[in-house]
Amino acid sequence: MADYSITGDTRLDTSGFTQGVSSMTVAAGTLIADLTKTAASKLAGLAKSSVSVGMQFDASMSQVAATMGTSVDQIENLTKVAKEMGSTTKFTATQAADALNYLALAGYDANKAAEVLPSVLNLAAAGGMDLAYASDLVTDAMASLNIEASKENVDEFGDKLAMGASKANASVSQLGEAILTVGGTAANLKGGTTELTTALGLLANVGIKGAEGGTHLRNVILSLQSPTDDASKMMEKLGLQVYDAQGNMRGLDEILTDLNTSMKGLTQGQKDSIINQLFNKTDLAAVNGLLAAQGFQWNTLAEAIENSEGAMSQMAETQLDNLEGAVTIAQSAIEGLQLAVYQQLEPSLRDVVKWGTSCISTLTNALAEGGPEAMAQAAGEIVSGLVDSLTEQMPQIAASAVELIAQLAQGIVQALPQVLTIAGKILDALVQGLRAALPQLADTGIEMISQLGQGVAQAIPELLSKALPIVADFASGLREKAGH
């Protein structure tokens, strides 16, 4: 019987790996060369975009100064605050400047606007609101509720809105809209913004939210404060006291709890009749919703809202805890870089614009006084002066360009060791991984070859048994052909 055996070379060919490492090295060099070659054009693009962004920011700050009745130089602190907010929040510096203008429109001076701006931006971020609405919410709500617009008070106001939104079926924006609708009617509530936000949150839980909730709550408060004659008689009959012995309005929850108690045991129809006498018929659903929430629901929500310190900041952070938020913050940071570039370019650009304006005035006057010939002569003098100026400044311009290129090259050279170190670590990890996997690769290869050999050996008898008849038939055919 024939001895069948299979032999193979299990050594790994490393020439491909070596060639790959060489290719990576060449690619790294090419990448560095490309970066160096394109750096100038990228810097030029950055400069161009920076000018556009810087001009828009300056225009916004000029608007702030005009609204406040002062000059840009006198609100330099506001400019710094706007830039700082642009680099640390989801909003750009230009958007922060626009928010400052909204505060200025509300009568805030530079110091007050600088103080509350971070809180306004935080509220806008927490509620997913635009800055105009957030600014109006803060300024109008604080004014109507007779609350001083300090940073501490604005933060407390925003925290309560944020907590109310997280515990009730309403957004920060909807609660804010409701508060703006209630307006000064709620200024004298015993529990202040906690009581106000609690009532609006409970109304939102029964589907009465936003401006609608604010309207119904305002009507409820007015009905209690200024009842009709029939309502006054009903209150007296029920023993319902709206004001305390000092003439101050009692807590809304206290009044409604007493009303619930006085109607205990009555049918729903009897209760509706009493409520219709005390309040407007259109507010029936809202009153019933508030009455149903007295006790545990009211107390639980009120306690959460009262102890809500930090809720606004936490909600703002949560809103940005995603890829879109990260991109938004990155865009704000990019604008900060653009403004820094613009700040370096602006003085020279302003001089160029002034020079161009002067040239236009010179040409206009020459044309008006001496006609086209005088205008042509003036143009020649301008060009001649420009050439002379450029000639004088060329060494300085060239030196600046050389310095810029040198700094760029130096930066790349300084970064090369770090780049190469990182590349080396990557290659080392790759080599270590391959080296660690070699035994497994070799074993796997040998096993595959062994199984292939065994399969072939096992199949040989069957192959021979099928092949022999074929060969016999073939030989028989050949003999028959030879006999003929």
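**Salt bridges, a cavity and a helix**

Trainee: Is K190 buried or exposed?
Mentor: K190 has 55% relative accessibility. Buried means under 20% relative accessible area, exposed over 50%, and partly exposed in between (1.4 Å probe, protein chains only). So K190 counts as exposed.

Trainee: What pLDDT do local features need?
Mentor: Residues are numbered from 1 along each chain as its sequence is written, and side-chain values use heavy atoms, with hydrogens and water left out. This is a predicted model: totals for chains, interfaces and linings use all residues, side-chain atom pairs count only at pLDDT 80 or more, and local features need pLDDT of at least 70.

Trainee: How many salt bridges does a search of the whole structure find?
Mentor: The criterion is a side-chain nitrogen of Lys or Arg within 4 Å of a carboxyl oxygen of Asp or Glu. Side chains of opposite charge can pair when their charged atoms come close. Searched whole, the structure gives a count of eight.

Trainee: How many residues apart in sequence are the parts tied together by E254 and K190?
Mentor: E254 and K190 form a salt bridge, with closest N and O atoms 3.3 Å apart. E254 lies in helix α11 (residues 252-262), and K190 in the loop between α7 (172-182) and α8 (192-205). Helices here are DSSP runs (H or I, at least four residues), numbered from the N terminus. So the pair ties together parts whose separation in sequence is 64 residues.

Trainee: Which residues are linked with E254 in a network of salt bridges?
Mentor: D258 and R250 also meet in a salt bridge, at 2.8 Å from N to O. D258 is partly exposed at 31%, while R250 is buried at 17%. E254 is linked in one network with K190, R250 and D258.

Trainee: With which residue does K160 form a salt bridge?
Mentor: K160 is buried, with a relative accessible area of 5%. The closest N and O atoms are 3.1 Å apart, and the partner is E156.

Trainee: Which residues does K160 contact, leaving aside its neighbours within four places in sequence?
Mentor: Contact means heavy atoms within 4.5 Å. With those neighbours set aside, the contacts of K160 are T193, T194, T197, I305, E306 and S308.

Trainee: Which element gives the most to the lining of the largest cavity?
Mentor: The search finds one cavity of 30 Å³ or more, with a volume of about 40 Å³. A cavity is a set of points on a 1 Å grid over the protein atoms alone where a 1.4 Å probe fits but cannot get out; lining residues have an atom within 4 Å of a point. Points are joined across faces, edges and corners, and the volume is the space filled by probe spheres set on them. With three residues, the top contributor is α7.

Trainee: How far apart are the end C-alpha atoms of helix α3?
Mentor: Helix α3 (residues 93-105) has 13 residues. The expected span is 1.5 Å times one less than the number of residues, so α3 should span 18 Å. The distance in the model agrees: 19 Å.

Trainee: Which residue follows α3, and what is its phi?
Mentor: Buried residues of α3 include A93, L100 and A104. The residue that follows α3 is G107, with a positive phi, near 95°.

Conventions:
Helix = DSSP H or I, 4+ residues; strand = E, 2+ residues; numbered from the N terminus. 1 Å grid on protein atoms, 1.4 Å probe; cavity = no way out; pocket = protein on both sides within 12 Å on 5 of 7 lines; lining within 4 Å.
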